[in-house]
Amino acid sequence: MRIECVGGGPGGLYTAILLKAGDPSRDVVVHERNAADDTFGFGVVFSAATLRGLEGADAPSFERLWEACARWDPVEVRYGGERIRARGNSFAAISRHRLLHILQERARELGVDLRFRDEVADVSDLMDADLVLGADGINSRVRAHFAEHFRPRLTVEGSKFIWLGTTQRFDAFTFIFTESDAGRFQAHIYPFSAGVGTFIVECSDDTWRAAGLDAVNSDDLAPGESDHATIAHLQDLFADHLDGHDLVANNSKWLDWTTVRNESWRHDRVVLLGDAAHTAHFSIGSGTKLAMEDAMALADAISTTTTLDHALDAYVSARKPSVEGIQEAASESLDWFARYGRYWGFDPPQFAYSLLTRSTRVDYDNLRQRDHRLVDDLDRWYAARDGRVPLVPRAPAFDPIDVGPTRLANRLALVATPDDGAVVGMPSSQHLDALVRWADADAALVLVDGVAVSATGRATITDAGVWTDEQGRRWAEALATARRGGDARVGLRLVHAGPRGATQPRDRGIGRPLPRDRAWPLVAASPVRWSSTAHRPVELDVGDMEAVVQDHVEAARRAADAGFDAIEIHAGHGGLLASFLSPLTNHRDDDHGGDIAHRMRFPLRVVEGVRAAWPRDRLLSVCLSASDLEPDGIDHDDVLAVVDQLRANGVDLVHVVSGQTTARSRPEYGPAFNARWSDLVRNEGSGPVMTSGNMPTVDDVNHVLMSGQADVCVLGRPLPALPDWLTGTRTAERVDITTTTERTAGTKEQA
Amino acid sequence: MKVGVGLPNGLPGVDPTMVAQWARHADAGPLDSLAVVDRIVYDSLDPVVSLAAAAAVTERIELVTSILIAPLRETSTMAKQLLSLHAMAPGRLTAGLAIGARGDDYDVSEFGQATRGQRLTDQLGRIRQLEEDGEVRVPGDHPPLRLLIGGTSGPALSRMAQLADGWLHNGSPPRLFHQQVAEAHAAWADAGRPGRPEVWSMAYYALGDTAEAGRDYLLDYYAFTGAFAQRIADGLLTSPLEIRDYSQAYADAGCDHLLLFPTVPTLDQLDLLADVVTSATSTSAGTDQPAR
C-alpha cells in the first residue's frame with residue numbers, strides 16, 4: 001500500500017509513523033513545503049486522556065515526548081486583583097519545535113520517506129496512491145482541490161489574537177483578564193518548558209481598533225516577521241504579570257480566529273485530518289492535540305478493518321462526531337469570551353466559576369469532583385455575600401435570598417401544573433390537594449400556574465381562576481391547609497391567555513381549539529392566530545383595555561385577601577400581555593404598537609394597576625419571554641427596556657422564559673435552556689431574576705446560581721420519582737405513628 | 001419497562017408470508033409489543049399492512065408503528081387506516097409518527113420534504129380532531145388511539161409535548177438517552193402539560209452467530225447517513241448479555257417501552273429474543289424477592 005501525506009506537521013507525521021509502524025511494508029511519503037527545522041509557534045498542550053492515547057499508539061515516540069514535556073495541574077484565573085486556582089486537571093505541554101523533532105526522528109527510524117521543501121503543486125499528481133492524507137493545515141490545498149466534495153465552511157469569529165512567548169515563569173494554565181482605556185484583553189498562558197511559556201493575547205475587534213493595534217497590517221509583514229509595535233504595547237499592558245520579563249516574538253502578528261468545518265472529511269481515497277479538517281478555538285484545546293487524535297483514529301481504523309474503504313468510513317464515523325462535540329464546546333467558549341464584558345464587575349470567585357464552566361462540559365457537580373476545596377470556598381463566598389461567613393459550606397440552592405420585601409429560605413421554586421379539572425374556574429379539590437403537597441416540598445417559592453383573571457382569559461375550559469370572590473375563598477381554604485404543612489411562600493401565576501384561549505383540556509395536548517359553539521371570543525394585540533388551528537382573536541379595543549386591567553387588579557386583590565405571599569403576572573409564552581410585547585404579534589398602528597415604548601404601554605398599565613392593589617410587603621413577579629425563538633422577534637434591547645420599566649414599577653422578581661410567542665417558535669431543551677436569557681436580563685439589566693426549564697436536579701440549579709445566570713431557579717418537573725422503600729416508610733407512618741416516630745428518629749441519626 | 005420486538009417488515013430478505021407467522025409466535029409471549037418500520041424506496045413491506053396481518057393472527061400483543069412517516073401520507077385516509085387497525089386489534093395500537101430521515105422517500109411522494117415538519121404538526125392535531133369529532137368513524141369499542149412522536153430536535157420535542165401522548169426515541173448510547181429523556185420531560189413541562197410523556201425507544205439485535213449479517217443489513221439500511229451508518233452498525237446488540245445490559249440501562253434512564261428490532265429475517269431470531277426476555281424476567285423477579 002502506498003500512502004501520500006500532504007503536510008509534515010504533527011498530524012501528518014504522526015499518521016505516517018502509526019501507519020508505517022503498523023505495517024512496515026507500506027510505502028509512506030510525507031511532503032512538507034518547509035524545511036525540517038523551519039517551524040513557527042510555541043507550545044502544544046495535551047490532556048491526560050490524549051497522553052494515554054499516545055502512549056498506547058506508539059510507545060517509543062511517547063517516551064521521548066513525555067521526557068520533553070512540562071507538566072502541571074492547576075488552572076489559574078487572574079481577575080480583579082485576585083488569583084483563583086482550580087486543581088484536579090492534568091496537562092502536559094511541549095514546544096512545537098521539540099515535538100516535530102521527535103516525530104521526524106521516529107518517522108525516519110521507521111523508514112517513512114520524509115521530503116522537506118517539497119510543495120505539492122497539484123494534488124491530482126498523487127492520486128495514483130492507495131491513500132492520500134490532507135494534513136496540510138488551515139489553508140489546506142488538498143481541501144481546496146476537492147472543495148466540492150469536502151464542502152468546507154470557514155467562519156471568521158470576530159476575535160483578534162496573537163501568539164507570543166514569555167520567559168516569565170507560570171506554573172498553571174493561566175488566564176489573565178485586564179482592562180485598558182481601549183477595552184478588555186485576555187491572555188491565555190501555559191508553560192511548555194523550563195523558562196518558556198506560550199502567551200496568547202486576545203481581544204475583540206472593537207478593542208483592537210480602539211487601542212490602535214490595527215496600525216500594522218499583518219498582511220504587510222513578511223513571512224516570519226513580527227508586529228513589534230503590538231508587542232511593545234502588550235508588554236506594557238501585562239507588565240504587572242511579567243515582572244520585567246519579556247514577551248518573545250516568533251512570527252507573531254494579529255490573526256482573526258477562523259473556525260474550519262467540512263461537511264465531509266473523505267472523498268474517495270483522500271481524507272482530511274487536523275486543521276485541514278477542523279479547528280477549535282485555542283481556549284478549549286490545541287489543534288495539534290486534535291490532529292494527533294485524528295492520526296490515532298485513522299491508524300486504528302485501518303488496522304482493525306478489512307478494507308481501506310470501510311476503514312476510511314470508520315475513521316470519519318469515529319472521529320467526526322467527537323470533533324464536532326469539541327467544536328460545539330469551543331463555540332460556547334468563544335461565545336463566553338465575546339460576552340464576558342457582561343460579567344465584568346462580578347466578584348472574582350463568580351467570574352472564575354463562570355469562566356471555568358463556560359463550555360458547559362464542566363458544571364458544578366464535576367468541578368466539585370475535580371477540586372472539592374475550591375467548590376467549598378465558592379459555596380462559602382456565595383453564602384457570605386450577606387456578610388456572614390458560614391463555617392460549613394452550603395450549596396447555592398440553599399442560600400436564602402431577599403426578593404424585594406420577601407425573604408425566601410432558599411433559591412428553589414416550583415411551578416405547579418395548571419388545574420385540569422376546574423369547573424367554570426372553580427379550582428378542583430384534586431388540584432388544591434396537589435398545592436398542599438407542593439407547598440410541603442421544601443422549595444421556598446411555590447407558584448400555581450394557569451390561574452385565569454377572567455373567564456375569557458382562560459387557556460383551557462378546565463383552567464382554574466380567581467375572578468370571583470367564591471373562587472378566592474376556595475383558594476384561601478386550600479392555602480390555610482398548605483400553611484399547616486410547609487413554610488413555603490405560595491403564590492398564584494395570573495394569566496390572561498389572550499390568543500391562546502378557548503382550548504380543550506391539556507391531557508391530550510395543548511392549544512387544541514374548542515369547537516366553535518363552545519369557544520369564547522379571543523382578544524390579542526392584533527388578530528394574529530397563535531397556531532394554524534387556533535381560533536383567530538380580535539384586536540383588543542382601547543376602550544376594553546381598562547376592563548382587562550381591572551380583571552388583573554381584582555384578581556390580585558382576591559389573591560391578597562386569600563393570604564397568598566406572591567403573585568406572578570404572566571407576560572410571556574404568547575398570552576394576552578405577551579402578544580403586545582412581541583413585534584411578531586403586535587401589528588397595531590395606534591399608541592400601543594410600533595416601538596417597544598408603545599408596545600409595552602398596555603402590559604405596564606396592568607403591572608401598575610396590580611402593584612397598587614397588591615400589598616407592598618408581598619412579592620410581585622412578572623414572567624417574560626426574553627426571546628421569541630423565531631426570526632424577527634423581540635430583540636435584546638427591547639427586552640432590557642421592558643425589564644427596566646418593570647423594575648421602575650415595583651416588580652420584585654422577573655421570571656425569564658423564552659418562546660411560545662406563537663406555535664412557530666423553535667426551542668431547544670438542553671440543560672437549563674432558559675438560563676442564557678435570564679443571564680442577559682440579570683447581567684445587562686438589573687434586579688433579581690428567576691429562570692426555569694430543564695433543571696431536574698439541585699446541582700443543575702447550583703450551576704446556574706453560581707455562574708450568576710439567575711438568582712432563583714424553578715426546579716424541573718416531574719419531581720424525582722420516589723423509590724418503593726421510601727414511599728413504603730411514608731405509608732407506614734400513616735398506619736402506625738408510634739413505630740414510625742422511632743424509625744424516623746433512627747434514620748435521622750444515621751444521616 | 002415493557003419490551004417489544006420488531007416485525008421483520010423492513011428486512012429485504014424476508015419471506016413475506018413469514019410476517020404473520022412471526023406475529024403469531026410473538027403473541028405467545030413474553031414480549032409486550034410488535035413494531036414496524038416505514039420506508040418507501042427500499043425493499044420492505046408496508047407498515048400498516050404488515051400490522052393488519054399481525055392483528056388478524058394475534059389477540060394479546062400491542063401493535064406499534066415505529067415510526068410511520070406521516071407527512072408522506074394523506075391525513076384523513078391515514079387516520080381511517082390507523083383507527084381501523086385500532087378497532088380490529090381492539091385498543092392495541094400505538095401510532096408513532098415522525099418526519100423520517102430519507103430524502104428519496106419524499107422524492108417519489110406527492111408531498112414535499114420542505115414543509116414536512118409543519119405538516120406533521122398539523123397532521124397530529126388533525127388525526128386527534130377527526131377521531132374526536134367522529135368525522136372519521138370506525139365500528140367497535142376501544143379507547144382513544146395513542147400517538148407518539150419521534151425525533152430529538154427541539155421542534156420535534158416541542159411538537160411531541162404539545163400534541164402527542166409520548167415520545168419515541170430513535171436509539172443511542174444510554175448516557176445520551178438519559179439527557180434526551182430530561183429534554184423530553186422539560187419540553188413537556190414547558191408546554192404546561194400535566195404528568196410526563198410516555199417514553200419509548202428502540203435498538204437493533206442479531207442473536208446466535210448472525211452479528212455480521214446484522215451489521216451488513218444496518219450498513220445498507222442506513223447507507224444514506226454516510227459515515228454514521230458504521231456507528232449504528234457498531235451499536236448492534238449481538239448477545240443475550242448485551243441485550244440485558246442495554247435494557248437495564250434504558251430502564252434505569254427512564255424508558256417505559258423498549259423495542260428490539262431484528263436485523264436477520266429468520267424466525268429463530270424471535271425465539272432467541274424470547275428466551276433472553278424470559279430469563280431476564282425470571283432473574284429479576286428472583287432478585288427482587290428478598291427486598292420485599
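Predicted model: local features only at pLDDT ≥ 70, side-chain atom pairs only at ≥ 80, totals over all residues.
Residues are numbered from 1 along each chain as its sequence is written, chains are lettered from A in the order in which they are written, and side-chain values use heavy atoms, without hydrogens and water.

The C-alpha trace of chain A spans about 90 × 65 × 60 Å along its principal axes. Its secondary structure comprises 25 helices and 29 strands (DSSP runs numbered from the N terminus, with helices being H or I of at least four residues and strands E of at least two). Of the 751 residues in chain A, 57% are buried (buried, under 20% relative accessible area; exposed, over 50%; partly exposed, in between; 1.4 Å probe, protein chains only). Among contacts (heavy atoms within 4.5 Å) between residues of chain A at least 6 apart in sequence, 71% join residues at least 24 apart.

Over all chains, the structure holds 60 salt bridges, defined by a side-chain nitrogen of Lys or Arg within 4 Å of a carboxyl oxygen of Asp or Glu. One of them pairs A:Arg380 with A:Asp377 at an N to O distance of 3.1 Å. These two residues are three apart in helix H14 (residues 372–383) of chain A, and therefore separated by about one helical turn. A:Arg380 is partly exposed at 24% relative accessible area, as is A:Asp377 at 46%.

A salt bridge is also formed by B:Glu132 and A:Arg508, with 3.0 Å between the closest N and O atoms. Because B:Glu132 belongs to helix H5 (residues 116–133) of chain B and A:Arg508 to the loop between strands S22 (489–495) and S23 (523–524) of chain A, this pair joins two chains. B:Glu132 is partly exposed at 34% relative accessibility, whereas A:Arg508 is buried at 15%.

Within chain A, the side chains of A:Arg664 and A:Glu630 meet in a salt bridge of 3.5 Å, N to O. This pair links distant parts of the chain, 34 residues apart: A:Arg664 lies in the loop between strand S27 (653–657) and helix H22 (675–684), and A:Glu630 in the loop between strand S26 (619–625) and helix H21 (636–648). A:Arg664 is partly exposed at 48% relative accessibility, and A:Glu630 is buried at 14%.
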